[in-house]
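Good morning, everyone, and thank you for making time for this short talk. Please have a look at the sequence and the structure before I go through them.

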Amino acid sequence: SPNAEIDVGVGLHRARQRLMATGWSPSPEGLLQLLNLFRTSATANNDQHREIQQQLVNFNSIADYNNYLVYILSSLRDENPSVRQMAGLVLKNNVKDRWPQLPAEVQAYVKENLALAVGDPNNFIRSAVGSCVTTVVTVGGLDAWPQLIPILFQMLDSPDQGHLEGAYGALHKICEDSADALALQPGQQALAMLIPKFLSSFGSPHEFVRKMSLGCVNQFVQVMAEPLANNIDAYLIGLFALAVDPSPEVRKRVCQALVLLLDVHLECLLPHMKQVIEYMLISTKDADELVSLEACEFWSAICETRVAKEYLAEYLPRLVPVLLDGMVYTEFDLLVLGADADEDENVADRPEDIKPHFHKAKVAGSGGEGGGAAEGEQNDANGEDEEDEDDDDDDDD
């Protein structure tokens, strides 16, 4: 709407004003030196990579080094996206490892640039920016960046697709990485604003928005934050509506939500338990393997509840064949298993080779989504990124 566009414009205008007030600008020579290192890294051999790594580490002795990194990530839109992503990865690692030691003016410059770049036209850059944003929040705390949530909230109604997806992607990462911090905020002001907005977005025509909004809300089921508890009926209505969503990613998150509710809010599901079981029977046979796996988690979860015998008994004649059917190996599975057997048939099994494996829904990192998808496609330019980042089907769709 026009008002939404004005609100976003006002928020970003204020961010630009704060940025201009810093008075910082890059040295052309220093900027070119850093750009050349990143450009060279794309085709460097191992020895060259080690040399580049060391130079990047040495740059941390320069007080405004991270200003250059965020400037490359957020402002150089004509630069190769892989170079900008690499700058974002190095920045994220520096934030993670050195944020408290950075000068206050550098912290301010980094935050203002990241806020302005959330809606970058390139989805890989948006993902990199979102990863840096959530890392700043995780290390520095939400209270130290009070402008962030209001700016992102305003973007949720933006007519600009980049701003819309960038804001949802960044908020998903923040909810994933800082759910406890958001739930423990005095008065839970941010969640009181965000949860109703996310719930209303379940009906969005954009698959990305439906997926992200549901993923955000799911992060607060286990802690059952008060703003979610106050809207639990709307949450259930939204879940049941999304149960037939054409997107497998959305249906996967519906299954995750129902499993979480079994654990922490069983009472709210009891009036609908038969419909939920019927849905999970269908989802267990879903053509999408990830949906099927998430649905399988439901059966082990309900068996741990007090209502398992009451509700499951009548469904066992239908459930058991479905589960057994899912245990049948495909021809490809048999070929793979056969190859493995040929390679180690004379080697005694280790305990871990025969230990049963149970699929567990990784809600906190589902979709990938916290910490960023874009980094996984880049070499670790400064050798410090030790995270195993899954992601993110959430940012690159």
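Predicted model: local features only at pLDDT ≥ 70, side-chain atom pairs only at ≥ 80, totals over all residues.

Which residues make a nonpolar surface patch of about 380 Å²? The patch is made by Leu316, Val320, Leu324 and Met327, where a patch takes residues with over 30% relative accessible area and no salt bridge, joining like charges within 9 Å and nonpolar side chains (Val, Leu, Ile, Met, Phe, Trp, Tyr) within 5 Å. A salt bridge here is a side-chain nitrogen of Lys or Arg within 4 Å of a carboxyl oxygen of Asp or Glu, and accessible areas come from the Shrake-Rupley method with a 1.4 Å probe, counting for residues only the protein chains shown as cover.

Residues are numbered from 1 along each chain as its sequence is written, and side-chain values use heavy atoms, leaving out hydrogens and water.

Met327 is exposed, with a relative accessible area of 59%; exposed means over 50%, buried under 20%, and partly exposed in between, with a 1.4 Å probe and protein chains only.

For the protein overall, there are 22 helices and 0 strands, and buried residues make up 51% of the 397 residues. In helix H17 (residues 273-284), the buried residues include Met273, Val276 and Tyr279, and the buried residues of H17 pack against several helices, among them H14 (232-242) and H20 (316-326).

Key: Helix = DSSP H or I, 4+ residues; strand = E, 2+ residues; numbered from the N terminus. Contact = heavy atoms within 4.5 Å.
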